[in-house]
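Me: I have a model open and want to go through it piece by piece. Can you take my questions as they come?

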Amino acid sequence: MDADELAPVTPGRPVGVAIVDDHPVVIDGVRAWLATEPRLTVLATGDDPDEVLRAAPQADVILLDLRLHGRLVLDKLAELSSAGRRVVVYSEHSDPATMLAALDAGAVAFLAKHEGREHCVATVLDAASDRPYVAPALAGAMVGDPRPDRPVLSDKEREALLLWFQSMSKASVARRMRISEHTVKQYVDRARIKYTRAGRPAATKAALLARAIEDGLVRPEEIGIYRSRASTDRPTP
Amino acid sequence: MLHGATHAADLARATMALYGTSSLPVAVFAGAAALAALSRQRAATAATTNAMVAEREAAERARHERGERLNLVSRAASEVLTELARGQADPADPEVQRRCVRAAARLRRLIAESDDVPHPLLHELRAAADLAERNGLPIDLVTIGSPPPLPVRIRRSLADPLTAGLADARDWARLTVVSSPDEVVVSLVTPDREGPDDPGHPVQDDDGQVEHLYERDGKIRWTQTSWHR
């Protein structure tokens with residue numbers, strides 16, 4: 001699969017969102033958060049990803065609860081991601097292993113449920129443009145990644161992730177590291193982009209990487225170096 | 001022939017003498033070695049059994065504590081939910097909102113505790129968080145990775161500035177622990193407010209093994225302790 005298979009988001013038209021969750025009250029909550037943003041419109045909701053997508057095949061971003069009817073749907077996530085669907089996972093399962101597994105499966109972003117109010121709108125908007133959005137819980141999972149084949153992060157990237165996870169304030173991280181907020185975000189996003197090389201390839205990962213190169217966030221030669229390191233990586237189960 | 005006989009008899013005598021003098025020490029040595037090996041094995045078994053018993057007791061205790069906390073939290077959560085459902089509580093009332101936030105934070109903390117026997121450092125921090133929570137402070141406690149065994153002194157230096165800051169916190173607090181085999185970083189962030197610095201600051205740094213950072217920027221107070229192998 002390659003990045004071209006992701007349907008581009010038409011500028012000027014609001015981003016179409018589909019919400020998949022088996023708790024109606026959560027759907028209502030998420031809908032209320034998204035309703036504050038005119039650039040977003042909710043197209044369909046439901047508790048079955050296939051049915052929701054049948055109702056709204058043109059959805060740009062899918063907000064997916066990782067646990068549906070008592071089961072973790074990582075396989076469904078991988079299927080949607082490799083089919084070029086931008087999936088933002090949100091879950092009360094915010095243990096690091098689950099978050100990293102969701103990234104490996106191709107999720108564009110991961111939100112812990114309690115982070116929803118602050119980060120939901122920004123995450124969905126960034127996901128729609130294939131840009132990374134790293135909420136604090138995910139930053140913690142990345143900085144504490146114990147797997148031997150984890151992506152190699154620079155010291156600055158690690159520090160930015162750690163401080164962002166601790167403080168949840170980019171302004172405070174910037175002051176601590178004596179850099180601008182913009183640079184803090186760059187370090188965090190670069191770390192996230194390195195994770196597109198972990199796990200199985202997916203159309204969504206390729207799209208994130210391509211956009212990062214286009215934006216100048218990472219240079220192709222850095223990816224080259226990285227690829228040579230990652231060539232021995234095995235996909236994590 | 002005679003000479004040969006004498007020789008054979010000498011040899012026999014010498015053998016007997018050697019046997020006579022050495023058999024007892026050899027037997028004693030062998031017996032002692034066997035006993036020592038046996039006792040070492042017994043001691044190891046006893047130590048393993050003790051460790052298992054201790055581990056089981058700690059796990060039981062942790063389970064029991066969690067059970068009690070769950071009861072407490074569920075009661076608080078179901079009370080506020082019942083009141084909301086009956087229309088007795090107004091969702092717009094800031095006090096009701098605070099109660100919801102506190103109940104949610106406590107439930108989240110319980111759900112996040114997945115270890116059977118908490119590491120002493122986590123145990124200490126959780127105890128401090130419990131205390132602050134009982135005084136009505138909503139707390140996020142997020143742990144990533146499990147800390148390696150740490151000497152008590154280092155554990156104290158890591159935890160004390162945080163527990164002091166926690167006792168002084170208002171409104172909310174975020175406590176995080178990130179651990180790997182070579183590094184443990186603990187952080188406490190609380191909203192900044194008027195008043196003196198937290199009592200946990202400054203802390204003398206014992207032989208430079210634990211680094212302690214404290215800062216306030218008008219928005220947050222940030223205490224961080226870290227240990228590197």
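Me: Where is Ser129(A) found?
Reply: Ser129(A) lies in the loop between helix H5 (116-128) and H6 of chain A. Helices (H or I, at least four residues) and strands (E, at least two) are DSSP runs, numbered from the N terminus.

Me: How does Ser129(A) count, and why?
Reply: Ser129(A) counts as partly exposed because it has 15 C-beta neighbours inside 10 Å. A residue is buried if 20 or more other C-beta atoms lie within 10 Å of its own, exposed if 12 or fewer, and partly exposed in between, with C-beta atoms placed from the backbone.

Me: What separates the C-alpha atoms of Ser129(A) and Asp60(A)?
Reply: A distance of 9.4 Å, with the two residues 69 apart along the chain.

Me: Before I go on, what kind of model is this?
Reply: This is a predicted model: local features need pLDDT of at least 70, side-chain atom pairs count only at pLDDT 80 or more, and totals for chains, interfaces and linings use all residues. Residues are numbered from 1 along each chain as its sequence is written, while chains are lettered from A and ligands numbered from 1 in the order in which they are written.

Me: And the mean pLDDT of chain A, what is it?
Reply: It is 86, and 92% of the residues of chain A reach 70 or more. pLDDT is the predictor's confidence in each residue, from 0 to 100.

Me: Where in chain A is confidence lowest, and where highest?
Reply: Lowest in helix H11 (residues 220-230) of chain A, at a mean of 55, and highest in H7(A), at 95. Over residues 225-237 of chain A, pLDDT stays under 50. Where pLDDT is low, the predicted coordinates should not be read in detail.

Me: Back to H6(A). How many of its residues are buried?
Reply: Eight of its eight residues, so H6(A) is mostly covered by the definition above. Among them are Pro136(A), Leu138(A) and Met142(A).

Me: What covers the buried residues of H6(A)?
Reply: The cover includes H4, strand E7 (109-112), H7 and helix H9 (181-194) of chain A, together with strand E1 (139-144) and strand E2 (173-180) of chain B.

Me: At what angle do H4(A) and H6(A) pack?
Reply: Helix H4 (residues 96-104) of chain A and helix H6 (residues 136-143) of chain A pack at about 95°, with their axes 9 Å apart. That makes H4(A) roughly perpendicular to H6(A). Angles under 35 degrees count as roughly parallel, over 145 as roughly antiparallel, 65 to 115 as roughly perpendicular and the rest as oblique. Axes are lines fitted to C-alpha atoms, for helices over the stretch in contact, and angles run from 0 to 180 degrees between N-to-C directions.

Me: Which residues meet there?
Reply: Pro96(A), Met99(A) and Leu100(A) in H4(A) meet Ala137(A), Leu138(A), Gly140(A) and Ala141(A) in H6(A).

Me: Now the other chain. How many residues of chain A are in contact with chain B?
Reply: 16 residues of chain A are in contact with 17 residues of chain B; contact requires C-beta atoms, placed from the backbone, within 7 Å. H7(A) gives the most to that side of chain A, with four residues.

Me: What does chain B have in helices and strands?
Reply: Chain B has four helices and five strands, in the pattern α-α-α-β-α-β-β-β-β along the sequence. Of its 229 residues, 26% are buried.

Terms used
Contact = placed C-beta atoms within 7 Å.
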